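The model is shown first.

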Amino acid sequence: MEYKLIPYPKSISPLKGRVPADAPVSQKVTRSLAKEAVNIRISDGKIEVEGGSGAALLYAQTTLDQLKRQFPDGIPGLLINDEPACSWRSFHIDTARHYIPVDELKKMIRMAAYFKLNRFHWHFSEDQGWRIECRRFPKLHEIGSRRAGDHFGNYCSDVPEGAYYTREETKEIVDYCASFGIEVVPEIDMPGHVAAILAAFPELSCTGEPVEVQTKAMINPLILCAGKEEVFTFMEQLIDDMLELFPGKYFHIGGDEAPKDRWKACPLCKKRMEEEGLTDYNQLQGYFNNRIAAYLISKGKTPIVWNEAAEGDNLSPETVIEFWRGDKEGHVAKHLQKGGKVILANVKNAYCDYPYSMISLKDIYSMNTAPENYLPEGILGTECLVWTEYIRNAERLETYCWPRFAASAEAGWSGENRPGYSSFAERMEALFPVFEDFGIQATPADWWTPEGEAAEKELDEFGKNFPPEVVAMFRKMRESN
């Protein structure tokens with residue numbers, strides 16, 4: 001018999017008898033167990049739970065809730081021994097492109113906790129907005145949170161936008177995550193994707209020219225100057241300010257999509273390269289991210305970057321790489337060989353901001369957690385992501401993420417031993433009422449893997465108002481999946 005559980009347990013064995021759904025539950029933390037391991041024994045009229053931590057006991061509550069939904073008249077006797085294959089099972093939400101109200105963000109977090117995701121990657125710094133109150137540099141949220149409108153594609157508005165999370169609200173979200181065993185991983189993207197920072201502090205760029213918070217989705221040429229020492233001083237002070245709000249172990253410092261044209265024209269950047277013996281501008285980015293990473297390490301934190309930061313092959317092995325795009329030249333593999341770690345977040349198996357006709361539920365479930373040429377001991381785990389250029393309301397956010405986040409949760413929990421997509425889909429259909437119970441508007445089963453004319457229509461609608469080359473990219477993405 002297959003039980004309707006997500007993520008599916010590592011081991012589940014039948015015992016004799018049946019236990020009332022409202023039977024008393026005894027639970028205890030057993031330090032001899034791994035931190036996220038949990039054992040559940042259902043027999044003799046009672047339910048006994050032991051876990052390696054408080055978080056593991058929370059996981060057991062989810063498992064029991066799902067069993068009660070399947071067996072409301074009494075849970076069959078079971079022995080469940082469970083432990084995740086991946087210690088890192090994160091979800092990413094971009095609140096920079098579009099601000100997400102605190103209550104909606106908490107609803108998403110609570111749903112993620114139900115499926116045993118254990119880290120929230122909070123993306124609040126972008127070209128299109130800075131979204132957290134900064135005590136040390138108040139111009140950052142006063143100026144960096146405001147933009148003239150919204151022209152990301154498929155929707156245009158000249159209505160000014162500007163919202164940010166106060167420090168009290170930020171602490172509230174961090175504490176809310178902690179109550180479910182979820183660590184918040186903050187991200188300040190650098191050296192690129194910094195228009196909102198430069199709008200407040202233009203002197204941190206190579207030219208010092210005035211900058212506006214961006215209203216379009218694009219790879220922006222704006223970049224922090226790698227040759228100005230004051231840039232590093234500023235970023236260290238900004239990090240100190242953010243560390244007052246984020247007590248977790250990990251801190252993401254971006255590093256993706258950082259065009260080097262401004263650096264190539266900057267005498268200070270050229271001087272920096274000469275002084276440091278750097279041979280190309282990818283190495284200069286490695287130098288930049290290494291300096292910020294070293295500061296974080298001195299504060300007891302573990303830095304994370306997107307995989308472009310490794311293209312100079314000089315990234316510190318103490319820095320974790322988040323792999324989201326192709327690595328034809330093997331920079332990520334080289335990083336692993338030097339003892340580095342990696343988080344798997346490749347687009348076609350992790351990005352939830354595209355329609356299901358482009359990236360289906362099955363695509364998300366099919367994440368390869370053991371890629372060839374990657375040292376298995378270097379893989380921390382998986383992440384599912386949603387970017388909000390094309391997401392402007394709670395309904396779209398929720399339908400795009402759910403149940404895709406749940407599929408990613410099982411991929412990370414079970415690794416390569418997951419039961420398979422058909423099994424997952426059947427269990428997900430059985431558990432679908434949980435979304436309504438948590439107030440989540442999830443995508444129904446008949447649209448998890450759309451095909452044919454309906455899928456084409458959805459793709460056409462999504463591509464409306466995008467340039468032809470972008471639409472061609474969307475179609476190529478769908479075909480590749």
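The numbered points below take up these topics in turn.

1. Basis of the note. This is a predicted model, in which local features need pLDDT of at least 70 and side-chain atom pairs count only at pLDDT 80 or more, while totals for chains, interfaces and linings use all residues. Residues are numbered from 1 along each chain as its sequence is written, and side-chain values use heavy atoms, with hydrogens and water left out.

2. Cis peptide bonds. Most peptide bonds are trans, and most residues other than glycine have a negative phi. The bond from Met190 to Pro191 is cis, with omega near 5°. Pro191 belongs to the loop between strand 12 (183–187) and helix 5 (195–200); helices (H or I, at least four residues) and strands (E, at least two) are DSSP runs numbered from the N terminus. Trp402 and Pro403 are likewise joined by a cis peptide bond, with omega about 15°. Pro403 is placed in the loop between helix 13 (394–401) and helix 14 (404–414).

3. Positive phi. Asp313 has a positive phi, near 55°, and is not a glycine. Its place is the loop between strand 14 (302–306) and strand 15 (320–323). Asn373 also has a positive phi, about 70°, and is found in the loop between helix 12 (361–365) and strand 17 (379–386). How accessible is Asp313? Asp313 is partly exposed, at 33% relative accessibility, whereas Asn373 is exposed at 67%. Here buried means under 20% relative accessible area, exposed over 50% and partly exposed in between, with a 1.4 Å probe and protein chains only.

4. Aromatic pairs. Rings of Phe, Tyr and Trp (its six-membered ring) are paired if their centres lie within 6.5 Å; planes under 30 degrees apart count as stacked, over 60 as edge-to-face and the rest as tilted. The count by this rule is 36 aromatic pairs. One of these joins Tyr59 and Trp413, which is edge-to-face because the planes stand at 90°, with the centres 5.4 Å apart. Tyr59 lies in helix 1 (residues 54–70) and Trp413 in helix 14, so the pair ties together parts that are 354 residues apart in sequence. Both Tyr59 and Trp413 are buried.

5. A tilted pair. Tyr351 and Trp387 form an aromatic pair with 6.2 Å between centres and 45° between planes, which is tilted. Tyr351 lies in the loop between helix 11 (347–350) and helix 12, and Trp387 in the loop between strand 17 and helix 13, so this pair links parts 36 residues apart in sequence. Tyr351 is buried at 5% relative accessible area, and Trp387 is buried at 8%.

6. Charges over rings. A charge sits over a ring if NZ of Lys or CZ of Arg is within 6 Å of the ring centre and within 35 degrees of the ring normal. Lys106 lies over the face of Tyr176, 4.9 Å from the ring centre. Arg418 lies over the face of Tyr365, with 5.8 Å to the ring centre.

7. Helix packing. Helix 14 packs against helix 15 (residues 421–431) at an angle of about 130°, with the axes 11 Å apart. Axes are lines fitted to C-alpha atoms, for helices over the stretch in contact, and angles run from 0 to 180 degrees between N-to-C directions. Helix 14 is therefore oblique to helix 15; angles under 35 degrees count as roughly parallel, over 145 as roughly antiparallel, 65 to 115 as roughly perpendicular and the rest as oblique. Ala406, Ala407 and Glu410 of helix 14 make the contact with Phe424, Arg427 and Met428 of helix 15, where contact means heavy atoms within 4.5 Å.
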